[in-house]
Amino acid sequence: MSAMKKLYTSVLPHIHAFFGRTYLPYFPSKISIESGNLCNLRCPLCPTGQQDKSAKKGFLSFTVFKKVIDETGQNLTMIRLYNWGEPLLNKNFLRMVRYAKERGIDLKISTNLSLKIEDTTIEALLKSGLEKIYISCNGASRTTYQKYHIGGDFELVMDNMKRVVQKKREIPGCRTRLVWLFHVFKHNEHEIETAKKLAQKIGITIKVSKMRPDMGKEIFETTLKALERDREWIPDNPEYTVVSEKRQKRVGCTLPWTETVINWDGSVLPCCAVYSEKYAFGNILENSFAEIWNNEMYVAARKEILGIKNDRETICHICKRSGYLHGG
Ligand SMILES: C[S@@+](CC[C@H](N)C(=O)[O-])C[C@H]1O[C@@H](n2cnc3c(N)ncnc32)[C@H](O)[C@@H]1O
Ligand code: SF4
Ligand code: SF4
């Protein structure tokens, strides 16, 4: 993907949003495609971890993945091949990565890496051309790790991390970026420095990130409500959370102009904060992406965000009433 094309596809949506256009003559350049919404862990602030039944469970098939790429690929610069599950559990995962890479599209994943993984799989992952692998590990010791990643194995994650770093060194020209993703919660905020030192020792980049309150509920409620319920998880340092009493309201959203999400069952959603297919704007198995991207749901959502009268209720209407994601 040329730098010019990347620039063009990233600027275009903002121009259309700025001029208040709700019918869009282009496709998004970024897309999240959910490889599956099943997981081996039970993280308490993730709807999958909570075994929330408001989304059907399953894995993305290669056929659906191919349909998405064939229909949307011309403008695509980046795919996040995960959403509400553990991407490495999908048996067709590598085949999907290769298919997209052959078409010049960058891919990222986020994995808990708390699984038994063969050397050959690590090598294949690194050779597949993935642009970035985030490794979610919210702890620098077994005790803190287990408090959030319920069912996970800290020692296994550390060992896997070291193996992936080592394997990358052995593959000439491997460009996959490996990032330890450390979300800060109340129970692990004292471990940030230890985690940074550990990352340095392993030879991996660490990204210290802001935690979100209950990820399946955040678009339905105000910041204050989330703070009230999830107080036990919110770090004392407000720098490390997306919600805080002091944080100003978020006043809008441009996601329905810039990107889209397609879940394993073909549901098309406006952003990755929406969990249930109940709020889908359409399904790629029933309509083409071109039809969905400018259908009455998408147009109503864009109008609502712009403050233009419309008569179709969407998840973006609900999110706006709650003060937008992480606002209000
Ligand atoms: C739902 S997970 C799916 C991917 C994979 N299972 C994982 O955990 O990396 C998607 C992303 O959410 C992040 N995540 C999980 N709980 C979070 C929280 N409370 N706040 C912010 N991000 C969170 C994970 O680190 C991951 O990058
Ligand atoms: S955050 Fe990731 S690892 Fe944790 S339960 Fe959700 S999908 Fe699984
Ligand atoms: S308005 Fe809310 S639900 Fe709609 S795309 Fe933006 S963040 Fe997602």
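**Ligand shells and a helix pair**

Modeller: Around ligand 2 sit Cys 39, Leu 41, Arg 42, Cys 43, Cys 46, Thr 48, Gly 49, Gly 85, Glu 86 and Asn 112. A residue counts as near if its C-beta atom, placed from the backbone, lies within 6 Å. This is a predicted model: local features need pLDDT of at least 70, side-chain atom pairs count only at pLDDT 80 or more, and totals for chains, interfaces and linings use all residues. Residues are numbered from 1 along each chain as its sequence is written, while chains are lettered from A and ligands numbered from 1 in written order.

The shell of ligand 2 divides into four nonpolar, four polar and two charged residues. Here Ala, Val, Leu, Ile, Met, Phe, Trp, Tyr, Cys and Pro are nonpolar, Asp, Glu, Lys and Arg are charged, and the others, Gly among them, are polar.

Now ligand 3. Its shell holds 15 residues, and Cys 253, Pro 270, Cys 271, Cys 316 and Cys 319 come nearest. Helices are DSSP runs (H or I, at least four residues), numbered from the N terminus. The largest share, four residues, comes from α12. By class, the shell of ligand 3 has 14 nonpolar, no polar and one charged residues.

To recap, the shell of ligand 2 includes four polar residues. The shell of ligand 3 has no polar residues.

Technical notes:
Helices (H or I, at least four residues) and strands (E, at least two) are DSSP runs, numbered from the N terminus.
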